[in-house]
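Hi everyone, thanks for coming. Please have a look at the picture while I talk you through it.

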Amino acid sequence: LLAHLLKRKHYTAAKYLDYLPEIINNPDYAGITAGQIELVKCFKDNIFLSIKLDQTKSIYYIATVFDVKKSKIDSYCRSGRLKNLTNM
């Protein structure tokens, strides 16, 4: 995953790889889109994480991790793609 992030120039997200368990267990925003679980955790940077199911192997895997701006999170919330979990 680290090699992939560096290849795609997601340097900010690469700094948060050690925080993946915290992002998964305690996200600030969550949603399900096209069979993917999407999570966002707000640290100093906002980190977007997408989890997919590999149906041939019946395992979940992290499909992507990248940093996302607050305006994009707000847009996803307005469209219903993400829900704010901190207000619940």
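Let's start with a question: is Tyr16 buried or exposed? Tyr16 is buried, because its relative accessible area is 9%. Buried here means under 20% relative accessible area, exposed means over 50%, and partly exposed is in between, using a 1.4 Å probe and protein chains only.

Before going on, a word on the source: this is a predicted model, where local features need pLDDT of at least 70 and side-chain atom pairs count only at pLDDT 80 or more, while totals for chains, interfaces and linings use all residues. Residues are numbered from 1 along each chain as its sequence is written, and side-chain values use heavy atoms, with hydrogens and water left out.

Now the rings. A search of the whole structure finds five aromatic pairs. Tyr16 and Tyr19 form one that is tilted, at 5.8 Å centre to centre with 55° between the planes. Rings of Phe, Tyr and Trp (its six-membered ring) pair if their centres lie within 6.5 Å; planes under 30 degrees apart are stacked, over 60 edge-to-face, and the rest tilted. Tyr19 is partly exposed, because its relative accessible area is 38%. Ring pairs also link Tyr16, Tyr19 and Phe43 into a cluster.

What about Phe48 and Phe66? Their ring centres are 4.7 Å apart and their planes are at 25°, so this pair is stacked. Phe48 lies in strand β3 and Phe66 in strand β4 (residues 59-67), so the pair ties together parts 18 residues apart in sequence. Strands are DSSP runs (E, at least two residues), numbered from the N terminus. Phe48 is buried at 2% relative accessibility, whereas Phe66 is partly exposed at 22%.

Let's stay with the strands, which pair if DSSP finds at least two bridges between them. Eight bridges join β3 to β4, and the two run antiparallel. Here Lys52 stands opposite Tyr61 in β4. β2 and β3 form a hairpin with three residues between them.

Finally, find Ser50, in strand β3 (residues 46-54). Ser50 is buried, with a relative accessible area of 2%. Which side chain does the side chain of Ser50 make a polar contact with? The partner is the side chain of Gln36, at 2.9 Å. A polar contact is a pair of N or O atoms within 3.5 Å; within protein, one must be able to donate a hydrogen and the other to accept it, and residues adjacent in sequence count only if both atoms are side-chain atoms.

How values were computed: Helix = DSSP H or I, 4+ residues; strand = E, 2+ residues; numbered from the N terminus.
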